[in-house]
Amino acid sequence: MSLKFKVKVPGTSANIGVGYDCLGVALDYALELEVEESEKTEFFENGEPFSIPIKDNFINEAINHTKKYLSSDIPNCRVNITKNSIPLSRGLGSSSSAIVAGILIANTFAKNELDIDKIADIAIEMEGHPDNVMPAIFGGMVLTACDEGETVYSILPTADNLCFYVMIPNFKLSTEKSRSVLPKAYSAHDAVNNIAKLGLLVDSFIKGKYDSLRFLLGDKIHQPYRFSLINDSDKIFDFSKKHNALGEYISGAGPTLISLNYDNDEFLEAMKKDLATLSDKWSIEKKTINKKGAEVYDIEEI
Ligand code: HSE
């Protein structure tokens with residue numbers, strides 16, 4: 001008897017302004033895979049050999065890494081990526097979703113030996129910070145604290161009246177490069193700024209009241225150092241303000257930028273027009289929060 005199943009993991013937007021390395025949200029992007037036991041482990045994309053070499057493939061790396069935590073042996077498998085709407089290296093959690101998919105593949109073959117918190121610990125260990133992998137696993141907006149080997153998290157009961165207008169350029173920015181420009185130490189003033197605003201930002205998302213959203217997104221830990229890596233980010237924030245968005249932030253390590261606003265197609269069209277005046281090709285799409293998180297489904301014994 002061998003196992004066959006499907007895996008679906010959402011994309012994510014991390015940091016959300018002042019929540020550097022601790023706050024993230026799942027958005028309705030998806031990485032979808034079909035998995036079945038096979039003689040050797042191989043990756044395909046819609047039936048064609050996968051373009052990313054196996055050594056650079058985060059799904060494969062996560063399957064192998066997870067084996068260390070399993071008492072049972074797991075088989076080799078054929079993984080077919082049937083859909084990936086998460087843009088790569090754009091700050092929308094593509095590597096985290098691949099890591100989460102790999103851990104779930106290994107755990108499904110191991111008959112769910114690992115509980116969800118252990119899955120989260122492995123994903124955080126692999127990614128190095130929790131703000132993308134946690135919402136990818138649990139869905140929704142997740143705040144996580146990791147310190148001295150302990151992890152505490154909460155899936156926030158966010159209000160449903162907010163849309164994420166995701167603006168993606170035609171250039172990539174690696175997380176490594178985007179982290180390399182950050183200082184090694186911060187002033188107490190900047191740290192306190194983020195601490196106080198993060199508490200109030202979470203309160204605002206839960207209550208669905210956004211009067212001070214732009215002020216509360218005003219980060220002093222990572223965004224000021226990253227704007228220069230994202231061509232026209234200043235102009236795009238200005239467009240968003242001009243068209244009365246509720247606030248703006250850099251998604252994850254960038255280069256994607258996000259405007260937060262109510263559901264408003266006029267806003268979307270106005271932003272589209274302004275983005276078209278820029279030299280890099282910026283797209284914009286309206287996304288909502290994915291509340292389901294990662295799923296393993298259609299499990300069959302064949
Ligand atoms: N919190 C991370 C960062 C997200 O800003 O570098 C990207 O992985």
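Helices here are DSSP runs of H or I that hold at least four residues, strands are DSSP runs of E that hold at least two, and both are numbered from the N terminus. The views below show a predicted model.

View 1. With a relative accessible area of 45%, E125 is partly exposed, because the term covers values between the limit for buried, under 20%, and the limit for exposed, over 50%.

**View 2. Cysteines without a disulfide.** How many disulfides does a search of the whole structure find? The search finds zero. The cysteine C146 is therefore in no disulfide, and the nearest cysteine sulfur, which belongs to C22, is 9.4 Å away, whereas a disulfide needs a pair of cysteine sulfur atoms within 2.5 Å. C146 is partly exposed, with 36% relative accessible area, while C163 counts as buried, at 6% relative accessibility.

View 3. Side chains of opposite charge can pair when their charged atoms come close. The structure holds 14 salt bridges, and in one of them the side chains of K6 and D298 meet, with a distance of 3.3 Å from N to O. This pair links distant parts of the chain, since K6 belongs to strand β1 (residues 3–14) and D298 to strand β12 (residues 295–301), and the two residues are 292 residues apart. Both partners are partly exposed, K6 with a relative accessible area of 28% and D298 with one of 44%.

View 4. How far apart are K272 and E269 in helix α10? They are three residues apart, so that about one helical turn separates them. K272 is partly exposed, with a relative accessible area of 38%, and E269 is also partly exposed, with a value of 43%. Elsewhere in the structure, K8, E32 and K83 are linked in a network of salt bridges.

View 5. K172 lies in the loop between β8 (163–168) and α5 (175–180), and K172 is exposed, with a relative accessible area of 55%. Although K172 and G254 are 82 residues apart along the chain, their C-alpha atoms are separated by 8.4 Å. Is the peptide bond from G254 to P255 cis or trans? The bond is cis, and its omega is near 5 degrees. P255 has its place in the loop between β9 (247–250) and β10.

**View 6. Two asparagines with a positive phi.** N15 is a residue other than glycine, yet its phi is positive, near 80 degrees. The place of N15 is in the loop between β1 and β2 (23–37). Is N15 buried or exposed? At 2% relative accessibility N15 counts as buried, because this class takes in values under 20%. N46, which is not a glycine either, has a positive phi of about 50 degrees, and N46 lies in the loop between β3 (42–45) and β4 (48–49). In contrast to the buried N15, N46 counts as exposed, at 55% relative accessibility, because this class takes in values over 50%.

Technical notes. Residues are numbered from 1 along each chain as its sequence is written. This is a predicted model: local features need pLDDT of at least 70, side-chain atom pairs count only at pLDDT 80 or more; totals for chains, interfaces and linings use all residues. Side-chain values use heavy atoms; hydrogens and water are left out. Buried means under 20% relative accessible area, exposed over 50%, partly exposed in between (1.4 Å probe, protein chains only). A salt bridge is a side-chain nitrogen of Lys or Arg within 4 Å of a carboxyl oxygen of Asp or Glu.
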